[in-house]
Amino acid sequence: MPHATPATCAGDSMPLPIQRRDFDVFLSHAHKDAAFVSQLDRWLTSAGLRVWYDARELAGGALLASDLQAAIGRCRGILVVASEESLARGWVKAEYNSAIDERANQDAFRVVALRFPNANVEELLKGTSWIDLPGPNLDADSALAIVGAFYPGEKRPSPATARDIFISCSWQPDDSESARAVCRALVKEGFRLIGDARDQKGFGQGERVERIIGSCGALVGILPFREVESASANERPYKYFIQEMDEAARLGLPTVIVADPRVRRVDGSDAGWVRMETAAKECPPAVSVSLKGLWEQWRDPPAPQYVFCATDLDSDLARASGSMRHLIERITGMSTVVGSEIHEDNLQSAIVKKVCDAFVVLADITDDNLNTCIEAGMGLAARTNVELVARGKPRRPPFMLRSLQMPTYEDNVERVAVLHRVLRPYRRRVINAEL
């Protein structure tokens, strides 16, 4: 079967942008693997992901070829269950080929494969790595690998040591060339580039974007030309660009604004903007000089964001190099802190401040550990985001924490799903991973 054309918006020839897609993942599989795939679907759903699963989504009598191709175009990624049975089926091969076409047109589209024992995947999955399953069920390692595969980490600087810059730009295919050139130049300078997650809403959702800007040490804005020359904070198409720039100015952050020569600000000064054509693939000298100068201008963020892990210090969550800490940092793009890692003279006061200043307090209150419950209570009193989890059967949290939900897990496979579900809403976009 030839490669499928990516699904498009109704009445349009362009593929749906990633942030407008209905589903996070398309499950590609052979129906003889239904027992495992059904289990996988339940686990992905429990992890907070929206799954396109044909047993649920495909109506009886549907035209399979056209519907499956369109369904892939409604997803942000695909998870291929590669077994001996599925590799012998034309549908899985066609779905994989459609997914490769999606990835070619949408760089954020993820292609992830799970390999059953003895499945010969090399021929089908050329250029794509896979996750080896140890048997007919998920284990903790494969669960961690699946979640990690949807948050590419090869190009991600460590959140604990990175110099973060907030990037205000457009990623629309017809006006993103200059943004990509500027971002590539910043990555070469050693910065970690931060943006809001593509499928999150920006202004209008409380202070989400403003808080992410405040967690960075500088802002770079790249304004493309959009058939309108005047830019203001009150009118489209430059409204959100200007609002983000003004927020950085309010916080006193160093900024570099790279704008198409045709764009002028009408509700303020644009005298300090450097100019670059929207279609330019390389930064002109003036832009390169400004970007290089940011390393010395960069300042400590006014409001660093991190996850405070409140947990029994014997837990693996307390280990800085542990897989669960790594998972949290991969999902959120934030560093993690545990009370035992704080070393100051007035230790109790330092821990209280660290808890209250956290962007999220993740409290694992298995066995109702007293110190963990106290840290969760401090975060709640300080109006910090607090997320409770616990091992064991579903139950109510201790009395003072009963305003919070407390998802539970029976084993480490369920634990991975629970952590992903509660932390995913706090994630930010690490642009380095996509360049």
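Visitor: Which residues have the most contacts inside the largest nonpolar core?

Guide: They are Phe36, Leu40, Trp43, Leu44, Ile146 and Leu362, in a core of 72 residues. This is a predicted model, where local features need pLDDT of at least 70 and side-chain atom pairs count only at pLDDT 80 or more, while totals for chains, interfaces and linings use all residues. Residues are numbered from 1 along each chain as its sequence is written, and side-chain values use heavy atoms, without hydrogens and water.

Visitor: What makes a set of residues a nonpolar core?

Guide: Its members are buried Ala, Val, Leu, Ile, Met, Phe, Trp, Tyr and Cys residues joined through side-chain atoms within 4.5 Å. Buried means under 20% relative accessible area, with a 1.4 Å probe and protein chains only. The 72 residues form the largest such core. Its largest share, seven residues, comes from helix α14 (412-423); a helix here is a DSSP run of H or I, at least four residues, and a strand is a run of E, at least two, numbered from the N terminus. Apart from this core lies another of 25 residues, including Ile165 and Leu291.

Visitor: Which residues does leucine 44 touch?

Guide: Val25, Leu27, Leu49, Val51, Leu79 and Ile146, leaving aside residues up to four places away in sequence. Contact means heavy atoms within 4.5 Å.

Visitor: Why are β12 and β18 called edge strands?

Guide: Two strands pair if DSSP finds at least two bridges between them. β12 (274-275) and β18 (428-430) each pair on one side only, so they are the edges. The open sheet runs β12-β10-β8-β6-β7-β18, with mixed pairing.

Technical notes:
Buried < 20%, exposed > 50% of the residue type's maximum accessible area, 1.4 Å probe, protein only.
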